[in-house]
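Here is a short briefing for a first look. Take the overall picture, then the details by topic.

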Amino acid sequence: MGGFPILSVMLAVPLIGAIACLFLDAKAARMVALLATLVNLALGIVLWANYDIGGAQWQFREYHEVFSGFAYALGIDGIALMLIMLSVFLMPICIGASWEAITHRVGEYMAAFLLMEVLMIGVFAAQDIFLFYILFEAGLIPMYLIIGVWGGQNRIYAAYKFFLYTLLGSVLMLIAMLWMVNEAGTTYIPYLQEYDFPIDAQTWLWLAFFASFAVKMPMWPVHTWLPDAHVQAPTAGSVILAGVLLKLGGYGFIRFSLPMFPDASADFGWLVWGLSMVAVVLTSLIALVQADMKKLIAYSSVAHMAIVTVGLFAFNVQGLEGAMMIMLGHGLVSGALFLCVGVIYDRLHTREISRYGGLAINMPAYATLFLLFTMASIGLPGTSNFVGEFLALAGIYQVNSWVAFVCTTGIILGAAYMLYLYRRVVFGIQTNEDAAAMPDLSTREYLLLGPIAAAVLWMGVYPESFLAPMRADIQLLDTRLAAAAPESDAQFAIGEGAPPVEEHAVGEVH
Amino acid sequence: MDYATSLGLLAPELVLALSGLVLLLVAAWGGDESARVNSIAGAIALGGAFALSLSAVVDGASGLDTFAFFGQFRADAFAGLAKLMIFASSIAVLMIAPRYFERIGAMRAEFPVLVVFAALGMAIMVSAGDLLSLYIGLELNSLAAYVLASILRDEERSAEAGLKYFVLGALASGILLFGISLTYGFAGTTNYTGIAVAVADGLSTGQLFGLTFVLAGLAFKISAAPFHMWTPDVYEGAPTPVTAFFASAPKVAAIALLARVSLEAFGTQADAWRQIVIFAALLSIVIGALGAIGQDNVKRLLAYSSINNVGFILIGLAAGTVGGASAMMVYLVIYVVMTLGSFVAVLLMRDAEGRPVEGVSDLAGLSTTRPVLAWCLLALMFSLAGIPPLFGFWGKFVVFQAAVQADLIALAAIGIAASVIGAFYYIKIVKVMFFDDPVDTVKGESDVPHWVLLGLCALFVSPLGYLLIAPLDNVADLAAASLAVIP
């Protein structure tokens with residue numbers, strides 16, 4: 001690519017679009033927003049095409065000392081590349097999803113979304129720890145407005161909860177970052193990743209970062225902001241939340257917690273496993289009894305994210321690759337599921353499951369696509385989530401078969417709540433007349449769901465396209481973790497009485 | 001040291017003193033018709049003083065060359081930077097006040113004179129190298145401020161604010177003076193350098209008492225908890241331009257003064273005052289945050305917000321290092337801009353008849369009725385809450401960085417966690433403006449100077465402010481380095 005600062009351009013395009021949208025009327029703002037996101041998608045494709053697999057670890061680097069105290073440093077590895085691709089792929093879809101649903105204050109709405117895109121790309125591309133923090137935190141402002149201004153009935157409570165929860169999570173991380181920079185003498189993330197922090201300090205640093213990423217992830221028991229935020233946010237807001245914002249937590253673990261504090265990560269593996277096991281089972285069961293479609297999908301997100309954390313803290317290549325694949329797959333699938341909910345919400349203005357039923361009769365195309373995404377969410381082979389879940393669970397199985405066992409039940413429970421949802425909404429008798437009268441997908445909705453469906457199948461059938469750019473980086477991370485990785489429990493498992501799962505989770509301190 | 005050199009170092013103060021006296025005569029003979037002219041002349045005099053203080057800041061003046069009158073007075077970079085902030089906010093107040101007072105028919109010719117004298121007092125405060133010159137500056141500023149608070153003679157709230165300010169301020173001055181006399185009794189001198197020598201081997205009980213009373217008196221002036229009680233009442237009662245003045249310039253002066261006393265006179269005994277400062281800092285953060293939650297008056301809310309911010313500034317002081325002093329100055333610069341911006345926004349809130357509107361609930365739906373004002377306030381509120389990418393974040397960032405570098409990690413962690421409580425009421429204002437249905441109370445026409453000032457402040461706290469980090473850090477470092485004694 002020569003010296004072309006493509007990452008900066010990808011930040012500038014939506015930023016300019018956002019500023020323009022503030023001054024434009026509804027119609028023009030929609031066009032500008034769509035144009036900006038499509039340009040960024042094109043730039044993202046160029047970025048991927050030019051990414052040199054097997055080349056340098058950090059590519060497309062930019063470094064400018066414009067601020068004192070931290071630098072404007074950008075650069076991506078394969079992991080960041082994939083997450084940036086996810087963001088730029090979902091953004092035009094979000095704009096499209098809001099095309100008709102948002103009718104008041106369109107300019108400001110589009111501006112907030114474009115700003116979110118800037119911040120998300122920035123977070124994934126930032127190579128300076130403080131630049132990362134600033135962009136990471138800045139996302140609170142547009143998201144607060146998106147939920148609060150354009151959200152549903154109970155939007156104000158949800159907006160507060162989202163804002164304060166995530167803020168409380170991340171301020172402690174800032175203190176940890178300040179300490180690290182003071183200790184290591186650099187703000188450059190690649191250097192910090194190679195710096196060996198003292199073991200006793202790692203514990204505190206890890207906990208501070210964990211406080212932030214666990215909330216973003218979100219992990220049980222700090223997940224409670226998510227269902228509220230999801231339910232109240234407009235459809236596109238939910239897509240962005242589930243699709244990309246939740247990935248910030250996982251990305252944070254991969255970029256910071258694991259490589260920077262490998263020993264502490266290993267020490268706290270039991271904590272993450274324990275919380276994840278509870279999350280998988282508990283939130284799946286909660287999802288099973290939801291009457292609100294969005295809430296159901298929100299809880300299912302928590303369960304999926306728990307498998308991500310288990311994969312991350314398996315300390316082996318399969319686990320890490322699996323975690324990344326779930327993040328990508330879940331970003332697509334949960335985004336698509338929220339869109340599916342949005343499609344029927346736009347028609348009937350309710351998310352209550354019991355208000356629908358028998359949609360397969362009047363909306364066959366919708367039913368087909370919804371089925372695809374339902375199956376993908378369950379993790380059917382041939383879809384994106386299967387690859388990720390299989391790898392992640394295979395990874396954790398090598399380390400701790402009990403954790404693997406409990407987490408695998410999540411797949412079964414996932415099938416239960418998703419199929420139950422699908423049956424109630426799409427199959428059965430048409431008891432509600434207004435639901436029965438709903439028209440099938442419009443062209444716009446085809447254009448929204450079609451690309452995601454294609455991507456989901458691509459990722460399921462040929463995951464190598466997505467794994468290849470990340471392979472070297474994950475290998476590197478695995479090497480970094482190798483010394484600290486916990487021993488496998490395989491040799492101890494044989495012949496021992498099975499301890500109760502929860503006790504095992506709490507009691508096993510390495 | 002001859003007197004000519006000393007007087008040369010006093011140039012900004014001399015300009016202010018002389019022009020203050022001339023303006024007083026003009027006001028006395030010209031009556032209230034001369035108010036406009038007086039305001040402009042006052043602003044020009046302050047501008048002159050600003051220009052005269054500039055060189056010390058840029059050059060990083062420090063050392064014996066900056067000592068005037070045998071160490072009674074110092075014109076170093078630290079004082080210079082504080083003076084720039086003081087003069088700039090005084091000019092801003094002179095810019096915004098006339099329109100406000102004219103609207104209610106209460107513009108008086110003595111208003112600019114009082115502002116000039118208050119600024120003079122503050123300049124002496126920050127330059128004082130001796131506890132007695134400190135006291136003279138403080139009283140000059142305070143006496144002018146008491147009158148300013150009650151300048152609306154016919155209004156009950158204004159008179160009440162003035163009286164409260166006077167009674168409690170006098171009490172604080174008494175405490176301060178008591179501390180000064182104790183320090184003098186046990187250290188044998190009132191000069192900072194002399195005190196630093198006297199306490200170098202540790203504090204005697206008498207000196208410790210002196211230090212404590214001095215700090216208590218100064219905590220009063222900067223409205224740090226637990227001496228903050230006067231702040232909400234005075235801020236609410238005083239006319240809004242005067243409140244903007246109180247929240248900016250005297251805060252800078254008192255904080256700079258506190259830093260100088262702590263770091264220069266008692267710099268070797270940092271452990272003795274650090275716990276007091278930490279206590280006041282954390283209490284201010286928490287009380288400032290909790291107190292603001294229930295407020296419906298924007299000015300009261302901003303009063304609590306200023307208490308909250310003082311807490312963060314004190315964290316920088318608690319570090320007790322050059323870095324901490326530099327962080328304080330950076331925070332102060334950002335704080336002054338955010339505060340002025342917020343109060344200008346309050347000034348812009350007027351109902352259809354032009355009467356000031358001060359309720360938080362009157363802001364409801366402002367984003368649809370007055371979008372520009374709402375967006376500016378949004379930027380200011382998120383900035384005050386310290387949410388990046390707004391510039392207010394950088395102020396918090398540097399003070400916490402200083403605390404971490406001084407190994408006060410627990411303080412930093414508790415302080416920043418408590419800042420989340422504060423975020424609640426800032427985002428509440430945003431919620432009222434953006435999420436609630438419009439009430440359309442704020443519809444009065446507004447004045448150009450106010451818009452200009454608000455625009456400048458909003459621009460400063462926007463992410464563009466980050467481009468100023470390098471020069472800001474530079475002057476703050478020079479200023480901090482010029483403080484004479486820091487271990």
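How many helices and strands make up the secondary structure of chain B? Chain B has 20 helices and two strands. Helices (H or I, at least four residues) and strands (E, at least two) are DSSP runs, numbered from the N terminus. This is a predicted model: local features need pLDDT of at least 70, side-chain atom pairs count only at pLDDT 80 or more, and totals for chains, interfaces and linings use all residues. Residues are numbered from 1 along each chain as its sequence is written, while chains are lettered from A and ligands numbered from 1 in the order in which they are written.

**Chain B overall**
- The C-alpha atoms of chain B fill a box of roughly 65 × 55 × 40 Å along the principal axes.
- A compact globule of 487 residues would have a radius of gyration near 23 Å, and the 21 Å of chain B agrees. The radius is taken over C-alpha atoms, and the globule rule is 2.2 Å times the number of residues to the power 0.38.
- Of the 487 residues of chain B, 64% count as buried. Buried means 20 or more other C-beta atoms within 10 Å of the residue's own; exposed means 12 or fewer, and partly exposed is in between, with C-beta atoms placed from the backbone.
- In chain B, 79% of the contacts with a separation of 6 or more join residues 24 or more positions apart. A contact needs C-beta atoms, placed from the backbone, within 7 Å.

**Where the chains meet**

**Nonpolar core**
- The largest nonpolar core has 431 residues, and Ile175(A), Ala119(B) and Ala403(B) have the most contacts inside it. Such a core is a set of buried Ala, Val, Leu, Ile, Met, Phe, Trp, Tyr and Cys residues joined through C-beta atoms within 7 Å.
- Helix H14 (residues 322–348) of chain B brings the largest share of this core, 20 residues.
- Beyond its neighbours within four places in sequence, Ala403(B) contacts residues including Ile315(B), Ala318(B) and Leu411(B).

- Helix H4 (residues 106–125) of chain A has 20 residues and should span 28 Å at 1.5 Å a residue; its end C-alpha atoms are 29 Å apart, which agrees. The expected span is 1.5 Å times one less than the number of residues.
- In H4(A), 20 of 20 residues are buried.
- H11(A) has a kink of about 40° centred on Phe253(A). The bend is the angle between axes fitted to the seven residues ending at a residue and the seven starting there.
- In H11(A), 26 of 26 residues are buried.

**Backbone details**
- The peptide bond from Met217(A) to Pro218(A) is cis, with omega near -10°.
- The bond from Pro388(B) to Pro389(B) is also cis, with omega near 5°.
- Phe315(A), not a glycine, has a positive phi near 60°. Phe315(A) is buried, because 24 other C-beta atoms lie within 10 Å.
- Phe69(B) has a positive phi of about 50°. Phe69(B) counts as partly exposed, with 17 C-beta neighbours inside 10 Å.

Note on methods: Two residues are in contact if their C-beta atoms, placed from the backbone, lie within 7 Å.
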